[in-house]
Amino acid sequence: MRNTAVVLSFLWAIFASGSVQADQLVTDLSEHQISIRSNFTGTEILIFGAVEAEDPTDLATERDIVVVVTGPEGPVTVRRKDRIAGIWINYDAVRFERVPSFYSVSSTRPLSRVVSMDTRTIEGLGLRHIGLGAATGLGPTGTETSLSEDEQKVFSQALLRNKQNQNLYRAEPSGVAFLGRSLFRATVDIPSNVPNGLYTAKVYLVSNGQISDAASTPLFIVKSGMERAIYSFAHEQPLLYGIFAVVFATFAGWAATLIFKD
Amino acid sequence: MFQIYLPIAELPVNVFLILGMGGLVGFLSGMFGVGGGFLMTPLLIFTGIPPAVAVATQANQTVASSISGVVAHWRRSAVDFKMGGVLLIGGVMGAVAGVYLFAYVRALGQVDLMISLSYVLFLGVIGSLMLNESVRALIAVRQGRSPASANRSHHSWMHGLPFKMRFRRSKLYISAIPPIAIGTFVGILVAIMGVSGGFVMVPAMIYMLRMPTNVVVGTSLFQIIFVTALVTVLHAVENQAVDILLAFLLLLGGVVGAQFGARAGQRLRGEQLRALLGLIVLLVGLRLGFDLVVEPDELFSLTTGVAP
C-alpha cells in the first residue's frame with residue numbers, strides 16, 4: 001500500500017510538472033518566400049501562432065512570446081576612420097566571423113522583463129546579445145593585430161549601431177500581441193536593403209521567465225525576375241557579363257545616333 | 001513609388017532621380033562638348049551608390065556616349081585612326097594596370113579614398129585652370145583686346161625620341177612614345193575614376209602632340225571607346241561592379257539631355273562656357289574635398305565578406 005502511494009504521488013508529480021512544462025507552440029509565417037524584384041521597396045511578414053496549453057483552465061501562467069528573425073551569417077569587417085594628414089581615412093579594423101546579416105527581435109514586453117540576463121546571453125536574445133563570432137584585429141595594411149576587450153567592444157557596438165541605422169538590426173519590445181489567451185501575432189519589417197538567402201524565424205514561448213518551447217520556421221529571401229538574372233549573370237559569368245555590357249552599350253550608343261540624327 | 005532596385009549596386013533608387021541626373025549631366029556634356037563622367041561619378045557617389053559600382057558603371061555608360069559621339073566625327077572624317085591606335089596601345093596598358101590597382105586597393109578597404117582623392121585632385125586642378133584661363137579671356141574681351149592665343153612653345157626634346165611614326169591625318173612625324181605615355185596615363189584614369197579622360201587627353205593632344213584641333217575630339221573619342229570597353233569588361237571580371245540597369249538609366253537620361261544641351265550651348269560664347277564649366281568642376285571637387293576633411297558623423301563602416 002505504502003509503495004503504491006509513493007508511485008502514485010511520483011506519477012502525479014510528473015504529470016503535474018508536465019502540465020506546466022508542456023505548453024506548446026504552433027506557429028507559421030504569412031510568406032515563406034520573399035522575392036526581391038525591381039519594384040521591391042521592403043515588405044513585412046506576419047508571424048502568427050497559438051499556444052496550446054496542456055491545461056486549458058490554467059490561468060495563472062504569465063506567458064510571453066519572443067520572435068527572432070535572423071538572416072544568413074557571414075564575416076563582416078568593421079573599419080574605423082582616423083585623421084591622417086588632415087583627411088579622414090579608414091585606419092584600423094576588426095573582422096567578426098559570423099555576423100547575422102539581419103536580426104529582428106520582437107516581444108510582448110521589453111526583453112529585460114521577460115527573461116533573465118543569463119538566458120538572453122545563452123539564447124542570443126536582444127541586440128546586445130547577438131553572437132558575432134570570433135573577432136580579429138586588423139591594422140591599416142590588413143595585418144592581424146592584437147585586440148583588447150575594450151577595443152572589441154567599441155567595434156562590436158559600432159557594428160550594432162551601423163546595422164541599426166541600416167534598419168537591418170531592430171528590436172520591437174512590443175512587437176508581439178496576444179489576441180485572446182492563446183493566439184498571438186507579430187509583424188516583422190523587412191527593409192528594402194536585406195541581403196538574400198535563408199532566414200530563420202524562431203518563436204520562443206516564455207512561461208514565468210523560463211523558455212518552455214521554441215519553434216523555428218525557415219524563410220527564403222531571394223532576388224527574382226530580371227534582378228536575379230542580372231545578379232547571377234554578373235557573379236557567375238563575369239567575363240560574358242562584361243562583354244554583354246559593352247555590346248549593350250555599343251548598341252545603345254549607336255541607336256541614340258539614329259534617333260537624334262539631325 | 002517609382003523606386004527601382006539596382007541588381008549590382010543592391011539598393012533601390014528613384015528612377016526619376018537617376019534619369020534626371022543622366023539628363024543634367026547629358027545637358028552639360030552636350031553644352032560643353034565634354035564626356036561628363038567626371039561629374040556623373042561624384043553625383044552617383046553623393047546619391048549613395050557604392051563608389052566602385054559608380055566608377056565601373058560610368059565606364060560602361062561612357063562606351064555608349066563615346067560611340068554616339070564618334071559617329072558624327074567619323075562622317076566628317078575627323079578621326080586619325082593611326083594616332084588613335086597608338087594611343088590605344090598605351091590605353092590598354094593603363095586600363096589593365098588601373099583595374100588591378102583598383103581591385104588591390106579595394107581589398108585594402110581604401111578604394112573610396114582613392115576615388116575621392118583622385119577626383120579632388122583632378123577636378124581641382126582642371127577646374128582652376130579652366131576658370132583662370134576663361135576669366136582672363138573674358139577680361140581681355142571686355143577690354144577690347146583679342147584673347148591671347150595659346151603659348152605654342154616648341155617641345156624640342158620630343159623630337160629627339162626614337163620610334164618616329166608618320167601620322168598622315170594629323171600631318172605629324174613624331175615619336176610613338178609620347179602618345180603611348182599619354183594613352184597609358186588616361187587608361188589608368190579611366191579605370192580608377194570611370195571617366196572618359198577627355199579632359200586630359202584633349203589638352204595633351206593639342207599642346208603636347210600638336211595635333212590639328214579638328215581631329216582631336218574624334219580621335220580621342222575613337223580610342224576611348226575601346227579603353228572604356230576594356231575597363232568595363234575588366235571591372236566586371238575583377239570587381240563585379242558593373243550595373244547595366246543603372247548604366248541604361250543614365251544613358252537614357254544622358255542622350256535626351258545632350259540634345260538640349262547642344263542647342264543651349266550654341267547660344268553661349270566659348271569663354272563663358274569654359275568659365276561656367278570650370279566653376280561647376282571646381283565646386284564638385286570642393287564638395288568631395290570637404291567630405292574628406294570634415295570629421296564624419298560615423299567613423300565606423302561595415303564591409304561584408306572577408307578582407308585579406
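Visitor: How many helices and strands are there in chain B?

Guide: This is a predicted model, in which local features need pLDDT of at least 70, side-chain atom pairs count only at pLDDT 80 or more, and totals for chains, interfaces and linings use all residues. Residues are numbered from 1 along each chain as its sequence is written, while chains are lettered from A and ligands numbered from 1 in the order in which they are written. Helices (H or I, at least four residues) and strands (E, at least two) are DSSP runs, numbered from the N terminus. Chain B holds eleven helices and five strands.

Visitor: What radius of gyration does chain B have?

Guide: The radius is taken over C-alpha atoms, and the globule rule is 2.2 Å times the number of residues to the power 0.38. For 308 residues, a compact globule would have a value near 19 Å, and chain B agrees with this at 20 Å.

Visitor: Which element gives the largest share of the side of chain A that touches chain B?

Guide: Contact requires C-beta atoms, placed from the backbone, within 7 Å. Chain A contributes 49 residues and chain B 47 residues. Among the elements of chain A that give two or more residues are strand S5 (73–84) and helix H4 (149–165). The largest share, 15 residues, comes from H6(A).

Visitor: Which element of chain A has the lowest mean pLDDT?

Guide: pLDDT is the predictor's confidence in each residue, from 0 to 100. Chain A averages 82, and 87% of its residues score at least 70. Strand S7 (residues 103–107) of chain A has the highest mean, 93, whereas the lowest, 51, belongs to helix H1 (residues 2–21) of chain A.

Visitor: Over which residues of chain A is the pLDDT below 50?

Guide: Where pLDDT is low, the predicted coordinates should not be read in detail. Beyond near neighbours in sequence, the stretch in question has three contacts in the model; it covers residues 13–20 of chain A.

Methods. Two residues are in contact if their C-beta atoms, placed from the backbone, lie within 7 Å.
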